[in-house]
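Student: Please give me one close look at the side-chain pairing and packing here. Keep it brisk.

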Amino acid sequence: MKDEESGNQLGAYLRARRDLVSPAQVGLPPGGNRRVPGLRREEVALLAGISPDYYLRLERGRDKNPSPQVLESLARVLQLDDVERTYLLGLAAVRPRAPRRKRPEQVPARVHELLAHLQIPAFVEGRAFDVLASNPMAVALSPRLRPGQNRLRSLLLDPEEQAFHQDWTRATADFIAALRTTIGDDTDNPRFVELVGELALSSQRFRTLWARHDVRGLDGGTTTVRHPVVGELRLHRDKLPIDDVILVVYYPDKGSDSDEKLRLLAALSAPGSSGTAPGAPAADAPRPKTP
């Protein structure tokens, strides 16, 4: 992470991405004595149509203003998708650095009212995946969705949250890549610095994925989770930006098995219910994975 700490984000990203592209992917012979896992610097330069010396200056942070044409060529060689290409262009964009807002993330009063009326799991998160507010159904779905929790920290360090996700490996990759996309060039944001530092010290999984420099959005989709009481749930996720925060909602297909299970969970978690407490493990609940 030295390049990132020194401000050479562009160089760190280029190096990380060329490590992930094999010679065969770009039509080059593998060679016998390769000391790098992916492409050599001179191979990237050759394929992008630039001099090896200029590419070396880019990686080492000696030239931080490459032309859009050079960046487009590098994106092609490194086989970046649209999100990754946009991220690369953003790292090298020449623009005045606007003062960062220091005000804390706040949930508008109307959003608290909305959460109270929603009958599906819903919560509000900040840019660093901090849970800022949630409704009772969100907490019934997962106690880690209480205000004050951090979704990425829970995902990486809490065994119960690891067992909760059917595909934990993919979930961690998606979350960490989305965090890097969110951070962008806001690397001196105190909350981001704190979270990245904490996870880099406490999670090998985080260190491994963070070093890849993957970027992607985490706007919506469908996920499968294992609830300790009602069992497996297939839920859609939508993220709705509201002012400076994001409203996240989970909902099943109408009339599906997951719909019935979510209704059961709502009944069990209702005030005065004599049913099994939402956090109590079922007899056939999966055992948490070792972190």
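Tutor: Helices (H or I, at least four residues) and strands (E, at least two) are DSSP runs, numbered from the N terminus. This is a predicted model, so local features need pLDDT of at least 70 and side-chain atom pairs count only at pLDDT 80 or more, while totals for chains, interfaces and linings use all residues. Residues are numbered from 1 along each chain as its sequence is written, and side-chain values use heavy atoms, with hydrogens and water left out.

Start with helix H14, residues 257–269. Here aspartate 259 forms a salt bridge with arginine 263, with the closest N and O atoms 3.5 Å apart. A salt bridge means a side-chain nitrogen of Lys or Arg within 4 Å of a carboxyl oxygen of Asp or Glu. The two residues are separated by about one helical turn because they sit four residues apart in H14. Aspartate 259 has 8% relative accessibility, so it counts as buried. Arginine 263 has 47%, so it counts as partly exposed. The cut-offs are under 20% relative accessible area for buried, over 50% for exposed, and partly exposed in between (1.4 Å probe, protein chains only).

Other pairs span the chain. Glutamate 59 and arginine 15 meet in a salt bridge at 3.7 Å, N to O. This pair links helix H4 (glutamate 59) to helix H2 (arginine 15), 44 residues apart. Glutamate 59 is buried at 1% relative accessibility, whereas arginine 15 is partly exposed at 27%. Both belong to a salt-bridge network that also includes Arg18 and Arg41.

Lysine 239 and glutamate 125 also meet, at 2.5 Å, N to O. They join strand E4 (residues 231–242) and strand E1 (residues 122–125), 114 residues apart. Lysine 239 and glutamate 125 are both buried. The whole structure has 22 salt bridges.

Now the packing. The largest nonpolar core has 24 residues, and Leu14, Ile50, Leu74 and Leu88 have the most contacts inside it. Such a core is a set of buried Ala, Val, Leu, Ile, Met, Phe, Trp, Tyr and Cys residues joined through side-chain atoms within 4.5 Å. H2 (9–18), H3 (41–48), H4 (52–59), H5 (68–77) and H6 (82–92) each supply at least two of its residues. H5 gives the largest share, five residues.

Look at leucine 74. Not counting residues up to four places away in sequence, leucine 74 touches Leu14, Val44, Ala48, Ile50, Tyr55 and Leu58; contact here means heavy atoms within 4.5 Å. Apart from this core lies another, of 22 residues, including Leu156, Phe175, Ala178 and Leu209.
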